[in-house]
Amino acid sequence: MEPRPAALYPLILLISSTLATDIGAIDMYMDSYGTCQQSSFFEVHDEGYLVHAKGSGQPYQTMRCSLRFRAARDQQLCVKFNNFVIDDCSVNFKVFQESQPIDFARQPKEECLFRHYSCQDSPQIVCSTDRYLTLQLYKERIDAQGYSLLLQVVPKTMKNEIIMSLWMIVGVILGVVIVIVVLAVVIVLCCRKDKHHGRVLKKKNSKPRSGAQGRLLETGPEPSAPPLDSDVEMHHHILNSYGQFPNEPPPPYQPKPEPV
């Protein structure tokens, strides 16, 4: 199969971009000096805008072009990149979310930068978090030619996004609560199991043993001889108490003889 001539590529690109975009969109050109000097918002309605940018090296082009868009109060803005080709890395495409009030006489501040694309990037779609969005094409050289962009700026209702965000927050909170409850139940069950195991061990240790050893623990050690009779015990008591004294009277007193 023979390759298609290079002259057909612009036609193919035009047909594909037309099919990929909504009919009725307003065309804008970021290489037009008059468009880039707009000092007010471009109000975005349902049909949206179709933004073109193609490096041709013409002297009437601008090095920096900023287009500011605004949607309705209950809408946000989305940029669909139908075609995004930057071969020259000195060309940059930036998306800003500027805070109010906006100074149209100045370029957007870098602190409001939302997205930054250049060579080797292939963005698909990006949406703002509010109703304002600023697109900027910045070229370090005015004669830069290695880029071709086709963007579609369309509004999007934020109600569904807000509802989805709320559901996501509720889901995260419920998930955290469920995890905490499960952990609490597991800890309680483990503690009860440990206490029950301790009681079983205590019962097992306090259980009397069987056989002779059990009887010995219950009744104490058995005597080695039979118990004595009560009279015999009293006799032994008397003997032990008074047996050291003689029963006969002592001999009469005799004085000691004097020494001769």
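Over residues 166-191, is the chain helix or strand, and how far apart are the end C-alpha atoms?

Analyst: The model is predicted: local features require pLDDT of at least 70 and side-chain atom pairs pLDDT 80 or more, whereas totals for chains, interfaces and linings use all residues. Residues are numbered from 1 along each chain as its sequence is written, and side-chain values use heavy atoms, without hydrogens and water.

Residues 166-191 are 100% helix and 0% strand, with the end C-alpha atoms 38 Å apart. Helices here are DSSP runs of H or I with at least four residues, and strands are runs of E with at least two, numbered from the N terminus. An unreviewed UniProt entry lists this stretch as "transmembrane region"; such annotations may be inferred rather than shown by experiment.

The protein chain as a whole holds five helices and ten strands. Of its 260 residues, 28% count as buried, that is, under 20% relative accessible area with a 1.4 Å probe, protein chains only.

One has the order β1-β3-β10-β5-β8 with mixed pairing, two strands being paired if DSSP finds at least two bridges between them. Its edges are β1 (26-29) and β8 (125-127); each has a single partner strand, so one side of each lacks a neighbour in the sheet. Strand β5 (residues 75-86) runs antiparallel to β8 and is joined to it by three bridges; C78 stands opposite C127 in β8.

Six bridges join β6 (residues 91-96) to the antiparallel β9 (residues 132-139), and F93 stands opposite L137 in β9.

Aromatic side chains complete the picture, with ten aromatic pairs in the structure. Rings of Phe, Tyr and Trp (its six-membered ring) pair if their centres lie within 6.5 Å; planes under 30 degrees apart are stacked, over 60 edge-to-face, and the rest tilted. F42 and Y49 form an edge-to-face pair, 6.0 Å centre to centre with 70° between the planes. F42 is buried at 13% relative accessibility, as is Y49 at 9%. The ring centres of F81 and F93 are 6.1 Å apart and their planes lie at 85°, so this pair is edge-to-face. It links distant parts of the chain, F81 in strand β5 and F93 in strand β6, twelve residues apart. F81 is buried at 7% relative accessible area, and F93 is buried at 0%. Ring pairs also link F81, F84, F93 and Y117 into a cluster.

Note on methods: Buried means under 20% relative accessible area, exposed over 50%, partly exposed in between (1.4 Å probe, protein chains only).
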